[in-house]
Amino acid sequence: MKFKLESKFKPTGDQPQAIKKLVAGIKKNHREQTLLGVTGSGKTFTMANIVNELQRPTLVVSHNKTLAAQLAAEFREFFPNNAIHYFVSFYDYYQPESYLPRSDTYIEKSTELNKEIERLRHAATTALLSRRDVLIVASVSCIYGLGSPEKYKSASLTIQRGKEMSRRDIFERLLAMRYERNDVEFTRGLFRVKGEVLEIFPATSEHTAIRIRFFGDEIELIQEFHALTNTSGDILEEIDIYPATHYVTPTENVKEVLDQIKGDMKKEVAALEKRGNELEAHRLKQRTTYDTEMIWETGYVNGIENYSRYFDRRKTGEPPYTLLDYFPDDFLMFIDESHMTLPQIRGMYKGDRARKQNLVDYGFRLKAALDNRPLQYDEFDEHINQVIYVSATPKEYELERSTVVAEQIIRPTGLLDPPIDVRPTRNQIENLIEEINDRVDRAERTLITTLTKRMAEELTEFLQEQKISVQYLHSEIDTFERLEILHDLRSGVCDVVVGINLLREGLDLPEVSLVAILDADKQGFLRSASALIQTIGRAARHKNGKVIMYANQLTDAMNAAISETERRRKIQQAYNKEHNITPQSITKAIRDNRLSGQRDIELESTNVDPRRLSKQERAWLISDLEHQMKIASESLQFEQAAAIRDEIKRLKIIK
């Protein structure tokens, strides 16, 4: 299939020239380009048009899960019939294995997996191995070790109707692919047997399972069915079942690999003993012996990724396989909010290395564990085929390396960058309250940025005492609650949100007409020129947008931000005058489609009378809904998440 862009809008403003320049650069084999797009200029729509023009598998890298989910939802709207996937860390909670020498404290790896995100990861990799109309939105987890794509694909099981296949052989293949047999419970990654019928719930599937009926050893029927309602679906001629884990242990040459692990263990144990580290030597021998015995008996052990170098046949120091290795050679990459994403990619390796080095030095892991790691930046750079950096404030690194810089300053709505008013800090709160009340009278919203969590909380409390409907945001507020607060702001439940740096990149809040920046002259990370420009952009989606900086002096960062904003305003005003455009506020409804699938959850949950479900089936349904609620909330689909939450409550009260 080919990418097919579906939208009632056509590129306008600066979008056509930006698309033309960047597509031409890709076709001329330019390796690095930059899309400098102001907030609200439709950068995502521009990216979608470039993908539609070039028809290449595409990776979009974002620096956090929430923005990645938002981007994935937008791309699914543009490409409803293509493979748009979401690839982020599948841990809701992650405590890595570590050792603190100073206090002699070993912290065992502790995780809480999000099964729905795990499914989405599998769906992303299988799509890459089976089709070309694939666009994946990923966080920086795309640079972490994932397992060999060749082994992942070669371990897949192809089942064809009319072909003779021993059921025993199929069972063994499924077990080797980390599927488990369970004739009672039936969830993703499980299979069950009923007489002549084998049923498999693929790790990539949301609701659809596969029923295979045998006649002797001949496969008589392959049919899809809904795992919960048991409703029959399409009859298939062939189906590919992919492994339930990205770390596939090959059945051939396992003894050879384990012998190599044991050989390295003996050398490292001997080295520790020679240095007089008897405890560390004993610890390493005990741990590695247990792991190798488990791999020999079951094909798997918790922490098997620490031995991935052996199974991948990599040399010491060679980079691990990552999601990037699943893409074909001609793939296209976008790095969204590149001014934030690139520094994050650079920082991943060193932190991981320091933690793992302690584990190796004190006998908890073999040195091979050091090769289960994120990519170093130069290794990431080597994986790039062609890349477009996307940011309103690209840094010198992107600009210097880009052969083409396409500016997208004109907004399709004709909106200008907001005017900036610098005011003294004396009586700033009283002045701010007047501005807020003015916005409340016009049914508009306000964002206030502070430098610290304490300031945000105290200001929120004071404004509440003044009868202003206000809430605050900071890093200790969990994802779902944070998104509900933003939903309340958009819908008018509250009029003001006070935050720190959570309000800078990627938040789409068209109802906001005032952004107030307190302590704007405290130059630093949160008040750098790029941070100020990003913050100013939060007011650029409303025709009455305005920014007030409270400061006692003009810093270099403030001057740079004000100068750049004025430059953009002049270009925008000239364009509007030439084309007789009247600026219009952006109007954008909260999306109703779920990131996690094509079906509507309300229809799914009411297709079956929950009172007829067994206790175990009801528990399965509740668990599935809870995962879908998290995905909906992460993709800013608040109404959908609330509907799922109400459905969960209804199910829980049924006896």
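Colleague: What makes strand E13 (residues 208-215) and strand E14 (residues 218-226) a pair?

Modeller: E13 and E14 share eight bridges in the antiparallel sense, and two strands pair if DSSP finds at least two bridges between them, so the term applies. Arginine 211 stands opposite glutamine 223 in E14. The two strands form a hairpin with two residues between them, and glycine 216 in the turn has a positive phi of about 70°. Strands here are DSSP runs of E with at least two residues, helices are runs of H or I with at least four, and both are numbered from the N terminus.

Modeller: This is a predicted model, in which local features need pLDDT of at least 70 and side-chain atom pairs count only at pLDDT 80 or more, while totals for chains, interfaces and linings use all residues. Residues are numbered from 1 along each chain as its sequence is written, and side-chain values use heavy atoms, leaving out hydrogens and water.

Colleague: How do you know that E14 and strand E15 (residues 232-235) pair?

Modeller: Two antiparallel bridges join E14 and E15. Phenylalanine 225 has serine 232 in E15 as its bridge partner. E14 and E15 also form a hairpin, with five residues between them and a positive phi of about 65° at asparagine 230 in the turn.

Colleague: Why is strand E17 (residues 332-336) called mostly covered?

Modeller: Five of its five residues are buried, meaning under 20% relative accessible area; over 50% is exposed, and partly exposed lies in between (1.4 Å probe, protein chains only). Leu332, Phe334 and Asp336 point one way from E17, Met333 and Ile335 the other way, and all are buried.

Colleague: Which strands pair with E17?

Modeller: Strand E2 (residues 58-61) does, in the parallel sense over four bridges, and so does strand E18 (residues 386-391), parallel over five bridges. Methionine 333 is the bridge partner of leucine 59 and stands opposite valine 387 in E18.

Colleague: Why is the contact between glutamate 97 and arginine 287 called a salt bridge?

Modeller: The N to O distance is 3.1 Å. A salt bridge is a side-chain nitrogen of Lys or Arg within 4 Å of a carboxyl oxygen of Asp or Glu, so this pair qualifies. Glutamate 97 lies in the loop between strand E4 (91-95) and strand E5 (98-100) and arginine 287 in helix H8 (residues 278-298), so the pair ties together parts 190 residues apart in sequence. By this rule the count comes to 38 salt bridges.

Colleague: What makes arginine 365 and aspartate 291 a salt bridge?

Modeller: Their closest N and O atoms are 3.3 Å apart. The pair links distant parts of the chain, 74 residues apart: arginine 365 in the loop between helix H10 (338-361) and helix H11 (377-383), aspartate 291 in helix H8. Arginine 365 is buried at 7% relative accessibility, and aspartate 291 is buried at 3%.

Colleague: How many residues apart are arginine 568 and glutamate 564 in helix H17 (residues 556-579)?

Modeller: They are four residues apart, so about one helical turn separates them. Their side chains meet in a salt bridge of 2.7 Å, N to O. Arginine 568 is buried at 3%, and glutamate 564 is buried at 18%.

Colleague: Why does glutamate 164 count as exposed?

Modeller: Its relative accessibility is 62%. Glutamate 164 sits in the loop between strand E9 (157-160) and helix H6 (167-176).
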